[in-house]
Amino acid sequence: MDRKEIIRKKQEFVYPATSNYYADPLPIERGEMQHVWDVEGRKYLDFFGGIVTVGVGHANPRINGPVKAQMDKLGHTSTLYPHQTMVELAEKIAQITPGRISKSFFTASGTEANETAIQSARMHTGNTEIITLRHSYSGRSSLTRSMGGISTWRKANYEVGIVHTMSPYCYRCPIGLKYPSCEVACAKDIENVIQSSTSGAIAGMLAEPIQGVGGYIVPPKEFFKIAFKTVKEYGGDFISDEVQTGWGRTGKKWFGIEHWEVTPDIITGAKSLGNGYPIGLTAATPEIANAYEGPTISTFGGNPIAMVTAKAVIDLIEEDDLITNCDVVGGYLQEKLKELQDKYHCIGEVRGMGLMQAMELVTNPVTKEPATALAVEVMEAARERGLLIGKGGVYNNVLRMAPPMNISKSDVDEAAAILAESFAAVMAATYATA
């Protein structure tokens, strides 16, 4: 099919709520490591990886080899049958997860992983209420939409017992303070929320170590220490949502929460773990896993192909030391983005960690009015020049970058050059029509 036919059939046969990037949607035909090609044969440097999902490159032969071999051997079992591929992956995950987390439950998505985590905390503690953060995103089911902290993603939510507390969003502090003189008041407010908006006994707190859809919000270093202590004092389990931050993407550590010196009770994962193949993971301490009331099954949880894919991904990350690469190349990417910020005042803040970097665009660096339209224009301009990036934030004014974890500095140089051209073109057009 050509581009027009794909778009026409999408409009005719697919839910219209299934949104696309770009005014002229981009039908992608194939990928190879950090690049993708559209149906017209045009090549793009992919710096978003299918929403932080292609962790080690499109069609990576070191992943495809084991996967193809497994496809020829056994493609499906469900959790009703134990399988070598599942127990091998579970054992490997137990070796790299922090603290005493050692038991895994596999599903097919991050949404399911977070659902399972909430169910686990409720069964373990005997409590029901959950604390989560504003500006968060946890999935697309009724429960996880209810946990979401961005109105755009909360349509048709019906769950009760979810309470939101302040996001550690220093650039737009919800109470108008400055770090560090604020003494991390946003974290200290968690106790006030529990005392005023819950029964006083909570099942737990689920939070992203760096908020993804929220615009790569990086918290103050003390935030999660305070949050964890408060959650434990009120009887809850602490759940780290590592769907976007996991598997070394933040650099130096396997999981984002480890940067904040907190050992969670439950970790959830997905996205880069499967390198594009559907997988969800809920990993917990033995006490929490053993408290889960069953029986339960997951039709696609523990799928042999997904298990082999994830094991190959973890092995590749270890063999090539991609955790260090994320730290080094991610730091280099942030430097390049800050060079752009020095040139363009519309870039209000550059933030991120490892290969998870963002630029928040504003119309005025003092008033910080969100530049939502400008973000769209820069994305379009970058696409025209062969670079794919993402966006997010509560105002949709944050440009997000999460390329494969095995990119090089030369890839960053190429992306930075395209971004510079894109900003120059958009700003020139803006001033020409002003």
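Guide: Helices (H or I, at least four residues) and strands (E, at least two) are DSSP runs, numbered from the N terminus. The model is predicted, and its residues are numbered from 1 along each chain as the sequence is written. Local features need pLDDT of at least 70, side-chain atom pairs count only at pLDDT 80 or more, totals for chains, interfaces and linings use all residues, and side-chain values use heavy atoms, with hydrogens and water left out.

Visitor: How many bridges join strand 3 to strand 13?

Guide: Strand 3 (residues 43–46) is joined to strand 13 by two bridges, and these strands run parallel. Within strand 13, leucine 388 stands opposite aspartate 46.

Visitor: And what is the order of the strands in that open sheet?

Guide: The order is 1-2-3-13, an open sheet of four strands with mixed pairing. Its edges are strand 1 (28–32) and strand 13 (387–388), each of which pairs on one side only.

Visitor: What about the open sheet with antiparallel pairing: what is its strand order?

Guide: That sheet has four strands in the order 11-12-15-14. Strand 11 (347–352) and strand 14 (390–392) are the edge strands, each pairing on one side only. On average, with direction ignored, neighbouring strands of this sheet are turned by 25 degrees against each other.

Visitor: Over how many bridges do strand 12 and strand 15 pair?

Guide: Strand 12 (residues 357–361) and strand 15 (residues 398–401) pair over four bridges, in the antiparallel sense. One example is alanine 358, whose bridge partner in strand 15 is arginine 400.

Visitor: Which strands does helix 11 touch?

Guide: Helix 11 (residues 322–343) packs on the sheet and touches strand 11, strand 12 and strand 15. Its direction makes about 175 degrees with that of strand 11. Axes are lines fitted to C-alpha atoms, for helices over the stretch in contact, and angles run from 0 to 180 degrees between N-to-C directions. Contact itself means heavy atoms within 4.5 Å.

Visitor: Moving on to two helices: at what angle do helix 3 and helix 10 pack?

Guide: Helix 3 (residues 61–73) and helix 10 (residues 304–319) pack at about 155 degrees, and their axes are 9 Å apart. This angle makes helix 3 roughly antiparallel to helix 10, a term for angles over 145 degrees.

Visitor: Which residues in helix 3 meet helix 10?

Guide: Arg62, Ile63, Pro66, Val67, Gln70 and Met71 in helix 3 do so, and their counterparts in helix 10 include Pro304, Val308, Ala312 and Leu316. The contact of helix 3 with helix 10 divides into 10 nonpolar, two polar and two charged residues. Here Ala, Val, Leu, Ile, Met, Phe, Trp, Tyr, Cys and Pro count as nonpolar, Asp, Glu, Lys and Arg as charged, and the others, Gly among them, as polar.

Visitor: Now strand 9: which residues on its faces are buried?

Guide: In strand 9 (residues 266–269), Ile266 and Thr268 on one side and Ile267 and Gly269 on the other are all buried, and both faces are covered. Buried means under 20% relative accessible area, exposed over 50%, and partly exposed in between (1.4 Å probe, protein chains only).

Visitor: In what sense do strand 9 and strand 10 pair, parallel or antiparallel?

Guide: Strand 9 pairs with strand 10 (residues 280–284) in the antiparallel sense, over four bridges. By contrast, strand 8 (residues 237–241) pairs with strand 9 in the parallel sense over three bridges.

Visitor: What is the phi of valine 184?

Guide: Valine 184 has a positive phi of about 55 degrees although it is not a glycine. It is found in the loop between strand 6 and helix 7. Lysine 252 also has a positive phi, near 70 degrees.

Visitor: Is valine 184 buried or exposed?

Guide: Valine 184 counts as buried because its relative accessibility is 4%. Lysine 252, with a relative accessible area of 61%, is exposed.

Visitor: Finally, which residues is phenylalanine 223 in contact with, leaving aside its neighbours within four places in sequence?

Guide: Those residues are Leu133, Met166, Pro168, Val184, Cys186, Ala187 and Ile190. Phenylalanine 223 lies in helix 8 (residues 223–233) and is buried, with a relative accessible area of 0%.

How values were computed:
Two strands pair if DSSP finds at least two bridges between them. Angles under 35 degrees count as roughly parallel, over 145 as roughly antiparallel, 65 to 115 as roughly perpendicular and the rest as oblique.
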